[in-house]
Amino acid sequence: MYTPSHAPYSEYMNNCPLCHKKSLFSQLDSPVCDECNLRFSREEAFAKAFFGDRKYFKKSRELKYQEETLSVEVHASLAKSGLLYYATGLILRHEIGADKNQDSLLGSAYERIAKDYSSRTLEDLEYQFIVVKHEEPYYAGPDRFRLQTLNAVSIDIEDHTVILITDKNRLTAESPFWALVTHSDLIVLVESHPQENTLKKAAVFLKNHTL
């Protein structure tokens with residue numbers, strides 16, 4: 001998780017690459033302004049409540065289809081907004097700090113997503129994401145991803161993977177994941193074993209179940 005730097009204090013004004021405002025910088029090694037760093041700290045507090053304290057957890061469910069079972073966790077609706085902004089913030093921070101010689105995760109989508117994140121309009125613009133919970137924590141680094149025909153980025157957080165759709169287009173009602181991404185609560189897919197393709201399995205189940 002992101003930890004704010006405690007570099008020597010030295011104030012200066014500069015254009016922030018995230019919020020694009022001329023803002024105060026007081027941490028010499030921080031790539032973003034103080035206001036954005038404060039926001040990151042608040043999002044970290046949400047992450048601790050969600051991942052560590054499981055404050056938003058409501059119940060577990062098992063969906064059955066033929067001989068198979070798909071487990072899901074249901075979390076309160078507030079967690080949906082919190083995790084959307086937290087995961088998006090992590091992806092944007094990674095992009096800002098990445099080696100400029102490496103391929104970009106977001107490409108030309110960076111400016112659009114940074115603007116929507118900074119103006120707090122991700123929900124209004126119906127950004128979509130899917131969460132998979134693993135048996136054990138692991139971290140492979142954020143990576144580009146394709147969800148059906150859409151561009152996305154996957155990022156590992158604790159023992160979860162968040163797949164954020166970064167495409168201008170959205171999943172439609174024809175997608176098997178439609179009910180998942182539009183549910184009022186946050187529905188987390190639970191991996192049954194490390195070799196399982198949980199998304200592929202979920203696509204089959206969600207065609208045959210109502211969440």
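Guide: A residue is called buried when its relative accessible area is under 20%, exposed when over 50%, and partly exposed in between, using a 1.4 Å probe and protein chains only. Of the 211 residues of this chain, 49% count as buried. This is a predicted model, in which local features need pLDDT of at least 70 and side-chain atom pairs count only at pLDDT 80 or more, while totals for chains, interfaces and linings use all residues. Residues are numbered from 1 along each chain as its sequence is written, and side-chain values use heavy atoms, without hydrogens and water.

Visitor: How many helices and strands does the chain have?

Guide: Helices (H or I, at least four residues) and strands (E, at least two) are DSSP runs, numbered from the N terminus. The chain has five helices and nine strands.

Visitor: In what order do the strands of the open sheet lie?

Guide: Strands of a sheet pair through backbone hydrogen bonds, either parallel or antiparallel. Two strands count as paired if DSSP finds at least two bridges between them. Here seven strands form an open sheet in the order β3-β4-β9-β5-β8-β7-β6, with mixed pairing. At its edges are β3 (57–65) and β6 (143–147), each pairing on one side only. Strands β5 (residues 129–133) and β9 (residues 186–190) pair in the parallel sense over three bridges, and Val131 stands opposite Val188 in β9.

Visitor: Is helix α2 mostly covered or uncovered?

Guide: Helix α2 is mostly covered, since 17 of its 21 residues are buried.
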